[in-house]
Amino acid sequence: MSDDILSRRAGAPVLSAVVDGVLTLTIERPEARNALNPEILSALSGAMAAAALDPSVRVIVLAGGADFSAGADIDVIAGHNPASYLASPTRRAFDAIRACEKPMIAAVSGYCLGGGCELALACDIIIAADTAVFGQPEINLGIIPGAGGTQLWRERTGSGLQALAAFEGGLIDAFAARRSGLVDAVVRAEYLGAHVRRRARAMAEKAPLATATIKAALRARGRMSLDAALAHEVALMAGLLATEDAKEGTRAFLEKRPPRYGGR
Amino acid sequence: MAGELLRIVMDGDDAAFAAALRKAFRTPGASPVLIGGDLGALLHDASSAAAWLTLVVEAPRPMIADCAGVLGQRGLALLLAADVASLRPDSALAEGWRDTPGLAALAVRRGGRKLARALLLDAPATLDDLVVVGLASRELPEVLVERFDAGFGSRKRALRAALELPFAEALAFDLTGLDEDDAA
C-alpha cells in the first residue's frame, strides 16, 4: 500500500490524504459539528482543483468525523448580503464539487444537515453510518437551502421527499434515508471509514479512462435531454474502444487474469 | 451489566420526557436507562410522543421500563418500546388501554404481527398475559439489568438494521466488520 500523504497538518480545516489512488478529504471542525465556514469551503474547493490535475487521484472521498457537517456556519450566513453571498466561497466550493470529473463518495455519520447535506448530495455515492441524520432545516432560519438542497434530493428520492425536506425542515435517519434512496448504503458507524476506503480503493483499481468516462456520462444526464445523453454515451463508449485500457481489459478477461491498466 | 444505571423519572409531559432522554443519551458509553414515574398519563402531543418513543426504541443501549401503579397510555407505550419491562406488584392496566395511540405499531415492532393482533383484537389481556408472551417480567429492574452485557447495544443496532433494511443489506450491515481491518 502506498502512503502518499499530501497534507495532514494540525489545525487544517480539511485533512487531505492520498492512499492507493483515493484522496480522502476530512472536514476537521468537530467543536462546531463540522459547521461549514469559509476556511473549510475554500480548502475543499482548493483540494478539488488540485485533485483534478493530479493523475494519481482516481477517487475522492469526502468525510467528516462523528458528524459529517451540521451545515453552514450560522454566523457566516448572518454576515452576508446578497452581493457577498453570490461571490462567497460557499458558491465556489459547491460549484467545484459538482464540476469534479472524478468519482466522489460521501462518507456520512452523525449530522448531515443544510450545507452539509448539500455537500453529500453533490457526491456520486453516499454511504451512511447508522448514526447519520439528514435534513435541510434552512426554512427554520427563514432562508432556503442555497447550494442544491431544493434540487439534489429529487433525483434520489423523488419530488415528494424533496419538497418535505425543504418546506418542513425535518430530519430523517439513515435507515429512512436508505429506504428513500437518499443514501446508497448504511453501515455500522465504527466501520464507516474502513468500509468507504475499501470500496473507494476497489473503484480506483478499475480502468482509469473508463472510470473518468463513466463520470462524464453520468454528469451529462442532468445537463442534456435523455436522447442527447444517450447519444453522448454512445460517443464516449466509441472513444474508449480505441484505448489500451479497453484492449487490456478484454484481453485479461479472455486470458483469465487480472487486468493491468495504464490509463492510456 | 453494560454500565452504570441511569434513572429517568417521567413526571412531566411528553416533550419534557423526550428532552430528558436526549440529555441522558449525551452521557458517554452505553449505560442502561431505567424509566419510571407517572406511567398512568395519557399521550397528548403526537410529535413529542413520537420523539420519545423513537428514542426509546432506537437507543443503542438497554432501555428498561419500571412499571408501577396504573399503566395508562404512556405506561403501555413505554412497556412496548423498552427492551424489557419490570412489573411491580401494584401495577395494573388502565381502562381502555387498547385505545393507546401507537399501540399497533409498537406491538408489531416488539412482538410481531401475530402477537400484535392478539394484543389489539383478541380476548382481554392482562399484565400476566404480557409476562407469559415475554413482553414484561415480574423481576425487579435491578435483576433485569444484569441480563445486559456490553454487546447489547451492538446487537440492538443490528436488530434495527434487520427491521429497517432489506435482507441482503441488513446482512451486509452486520457482516461489515469481517471485511474491515482498520475500523475508524
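**From the whole chain to one helix**

Mentor: Of the 264 residues of chain A, 42% count as buried, where buried is the word for a residue with 20 or more other C-beta atoms within 10 Å of its own, exposed is the word for 12 or fewer, and partly exposed covers what lies in between, with the C-beta atoms placed from the backbone. Please keep in mind that this is a predicted model, in which local features need pLDDT of at least 70 and side-chain atom pairs count only at pLDDT 80 or more, while totals for chains, interfaces and linings use all residues. Residues are numbered from 1 along each chain as its sequence is written, and chains are lettered from A and ligands numbered from 1 in the order in which they are written.

Which residues of helix 2 of chain B are buried? They are Ala49(B), Trp52(B), Leu53(B) and Val56(B), and because they cover an arc of only 100° around the axis, they lie on the same side of helix 2 of chain B; the arc is that of the directions from the helix axis to the C-beta atoms. An α-helix has 3.6 residues a turn, so residues three or four places apart point the same way. The cover over these buried residues includes helix 1 (14-25), strand 3 (63-67) and helix 3 (73-81) of chain B, where two residues are in contact if their C-beta atoms, placed from the backbone, lie within 7 Å.

Helix 1 of chain B also holds Phe25(B), which counts as partly exposed because it has 15 C-beta neighbours inside 10 Å. Phe25(B) and Asp83(B) are 58 residues apart along the chain, and their C-alpha atoms are separated by 16 Å.

If we step back to chain B as a whole, the domain assignment gives domain 1 (6-149) and domain 2 (151-184), with bounds that come from an automatic or database domain assignment. The centres of these two domains of chain B, taken over C-alpha atoms, are separated by 25 Å, and the contact between them takes 8 residues from domain 1 and 7 residues from domain 2. On the side of domain 1 of chain B that touches domain 2 of chain B, the residues divide into 4 nonpolar, no polar and 4 charged; here Ala, Val, Leu, Ile, Met, Phe, Trp, Tyr, Cys and Pro count as nonpolar, Asp, Glu, Lys and Arg as charged, and the others, Gly among them, as polar.

Chain B also meets chain A, in a contact that takes 12 residues from chain B and 13 residues from chain A. Helix 7 (152-164) and helix 8 (167-179) of chain B each supply at least two residues of the side that touches chain A, and helix 8 of chain B gives the most, with 4 residues. By class, that side of chain B has 5 nonpolar, 2 polar and 5 charged residues.

Leaving aside residues up to four places away in sequence, Arg178(A) touches Ala128(A), Val183(A), Val186(A) and Leu165(B).

Chain A itself has 12 helices and 10 strands, and its C-alpha atoms fill a box of roughly 60 × 45 × 40 Å along the principal axes. Its assignment gives domain 1 (4-204) and domain 2 (208-254), with 27 Å between their centres, taken over C-alpha atoms. The contact between these domains of chain A takes 6 residues from domain 1 and 6 residues from domain 2.
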